[in-house]
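Below is a short briefing on one protein structure. Please keep the sequence and the 3D view open while reading.

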Amino acid sequence: MIVIVAEKPSVGRDIARVLGCRQNGEGCIVGEQYTVTWAVGHLVTLCEPDEIDEKYKKWRAADLPILPEVIPTKVISKTKKQFTVIKKLINDAATERVICATDAGREGELIFHYIYDQAKCKKPVDRLWISSMTDEAIREGFEQIKSDTEYEGLRKSAVCRSEADWLVGMNASRAFTLRYNALLSIGRVQTPTLNILVKRRREIEDFKPVEYYTVTADFGDYTGQWFDEKAADDKTAHRISTKEKAEELAAKVKGKPAKVRSVTSEEKKELPPQLYDLTSLQRDANRTLGFTADKTLKIAQALYEKWKLLTYPRTDSRYLPMDMIPKLYQTLKALPEPYRSLEAGMQRKEDGKLYISKRIFDNSKVSDHHALLPTPKTADLDKLPSDERSLYDMVVRRMLAAFYPAHEYDALKVITDCEGEAFRSSGRSVR
């Protein structure tokens with residue numbers, strides 16, 4: 001028997017269905033060759049300082065820093081039942097080997113190996129590494145399964161991150177609490193992030209608005225904004241300090257003839273956008289859809305797990321590995337009808353193949369996961385909830401746009417003189 005440990009029940013059920021496991025057990029699904037179980041998130045965590053040594057129950061500056069040689073782990077009481085299920089399965093005499101099927105990333109590695117180590121399991125481990133939850137992706141993942149030794153560096157990185165959080169959090173929280181006589185929570189990530197928020201908040205509160213006026217002239221076919229050619233700062237050269245001066249300037253040029261002094265044109269190119277990672281998707285979803293970062297993540301996670309329409313969303317890469325090229329063509333063929341017309345704008349060679357650019361395909365810039373993409377599963381858009389459909393639409397359009405040719409245009413600047421005053425106009429002419 002081979003035991004597969006997934007991270008979530010929903011993922012475990014998908015894997016079980018693909019492998020033909022149909023018999024429901026306690027916290028698992030059993031088949032002829034495989035038994036699939038799941039971690040329900042974190043089942044094991046690092047011990048508290050006082051669980052390592054009772055002397056740490058009392059917070060004293062003399063005991064700092066707390067630097068144990070080894071930080072032991074413990075089973076989380078709320079999910080102890082599921083841990084017991086997994087421990088029994090992976091240590092069973094009938095179990096030949098274990099497959100780690102937690103999320104393909106650093107955190108997934110940590111979840112599995114804390115469980116594996118806490119259960120004192122010695123069975124050999126393989127790693128299922130998939131970025132999409134379609135049936136095809138799961139089958140391909142099992143065909144390409146590797147030994148977990150190939151992910152040892154990632155696992156050590158996960159443990160390092162976890163223990164660094166513990167060391168900073170436990171020591172700094174106690175140190176600051178004792179120093180300021182107030183319960184303060186300090187964290188490796190949360191505290192610098194809080195500092196950024198506080199600085200930005202102070203900038204907003206300290207901002208002093210400056211009132212100014214501008215004068216815009218209508219020259220018939222175009223408009224121009226007055227600017228002071230002698231101003232040291234070109235960005236503020238159009239600002240007029242008082243309403244009286246602005247009205248005086250407007251009256252001076254009103255109805256008077258004007259002459260174009262100069263016209264300059266500069267060829268410019270705007271490259272297509274890169275593919276989405278989670279952060280850039282969250283930013284754009286907030287700007288265009290009004291979603292919070294947390295809402296965007298939850299919807300993307302649902303599109304990944306429930307609907308099988310997006311690849312793994314928790315990615316920090318905006319690039320694809322070269323071996324994704326065939327999968328990309330499959331994805332394009334599977335796109336629903338509304339997006340077919342948009343494919344015509346994608347830049348292709350004479351043989352119909354896409355241009356392979358380092359802005360999209362770069363193995364050196366893909367670590368745990370590649371950029372966020374739709375999966376090669378045709379979406380039934382009518383069945384998708386409104387929010388899921390909107391976010392899916394963003395990812396599809398971004399994938400298509402990434403392969404569009406660069407936007408080329410001429411940036412135009414016109415200086416117009418009127419009664420000794422200069423007016424500036426800018427625009428673009430698409431080639």
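Apart from its neighbours within four places in sequence, Ala 137 is in contact with Ile 130 and Ser 132. The model is a predicted one. Ala 137 belongs to helix α5, and its relative accessible area of 12% makes it buried.

**Around helix α5**

- Ala 137 and Gly 25 are 112 residues apart in sequence, and their C-alpha atoms are 25 Å apart in space.
- Thr 134 sits in the loop between β8 (125–127) and α5.
- Thr 134 is buried, with a relative accessibility of 10%.
- Leaving aside neighbours within four places in sequence, Thr 134 has contacts with Lys 308, Thr 375 and Lys 377.

**The largest pocket**

- The volume of the largest pocket is about 920 Å³.
- The pocket is lined by 36 residues, and those closest to its centre are Trp 129, Ser 131, Gln 144, Met 324 and His 370.
- Helices α5 (135–143) and α11 (325–334) each supply at least two residues of this lining.
- The largest share of the lining is five residues, and it comes from α5.

**The seven-strand sheet**

- Seven strands form an open sheet with mixed pairing, in the order β2-β3-β4-β1-β7-β8-β9.
- The edge strands of this sheet are β2 (23–25) and β9 (146–147), each of which pairs on one side only.
- In general, strands of a sheet pair through backbone hydrogen bonds, and the pairing is either parallel or antiparallel.
- An antiparallel pair is formed by β3 (residues 28–30) and β4 (residues 34–38), over three bridges.
- Val 30 has Thr 35 in β4 as its bridge partner.
- A parallel pair is formed by β1 (residues 2–6) and β7, which are joined by five bridges.
- In that pair, Val 5 stands opposite Cys 100 in β7.
- Strand β7 also runs parallel to β8, with three bridges between them.
- There, Cys 100 stands opposite Arg 127 in β8.
- Strand β7 (residues 97–101) is largely enclosed by the rest of the structure, because four of its five residues are buried.

- Helix α1 (residues 9–19) lies across β1, β3, β4 and β7.
- The direction of α1 makes an angle of about 170 degrees with β4.
- Helix α4 (residues 106–118) lies across β1, β7 and β8.
- The direction of α4 makes an angle of about 170 degrees with β8.

**The five-strand sheet**

- Five strands form an open sheet with antiparallel pairing, in the order β10-β11-β14-β13-β12.
- Strands β10 (216–218) and β12 (259–270) stand at the edges with a single partner strand each, so one side of each has no neighbour in the sheet.
- From one strand to the next, the twist averages 25 degrees.
- Strand β12 and strand β13 (residues 407–418) run antiparallel and are joined by eleven bridges.
- Ser 265 stands opposite Leu 412 in β13.
- Helix α8 (residues 243–253) packs on this sheet and touches β11 (223–226), β13 and β14 (421–430).
- The direction of α8 makes about 80 degrees with that of β14.

- How many disulfides does the structure hold? The number is zero.
- For a disulfide, the two sulfur atoms must be within 2.5 Å.
- Is Cys 121 buried or exposed? Cys 121 is buried, with a relative accessible area of 4%.
- Cys 160, in contrast, is exposed, at 52% relative accessibility.

- Lys 88 is part of helix α3 (residues 80–91).
- With a relative accessible area of 63%, Lys 88 is exposed.
- Lys 88 and Cys 121 are 33 residues apart in sequence, while their C-alpha atoms are 9.8 Å apart in space.

Note on methods
Residues are numbered from 1 along each chain as its sequence is written. This is a predicted model: local features need pLDDT of at least 70, side-chain atom pairs count only at pLDDT 80 or more; totals for chains, interfaces and linings use all residues. Side-chain values use heavy atoms; hydrogens and water are left out. Buried means under 20% relative accessible area, exposed over 50%, partly exposed in between (1.4 Å probe, protein chains only). Two strands pair if DSSP finds at least two bridges between them. Axes are lines fitted to C-alpha atoms, for helices over the stretch in contact, and angles run from 0 to 180 degrees between N-to-C directions. Contact means heavy atoms within 4.5 Å. On a 1 Å grid over the protein atoms alone, a cavity is a set of points where a 1.4 Å probe fits but cannot get out, and a pocket is an open set with protein on both sides within 12 Å along at least five of seven lines; lining residues have an atom within 4 Å of a point. Grid points are joined across faces, edges and corners, and a volume is the space filled by probe spheres set on the points.
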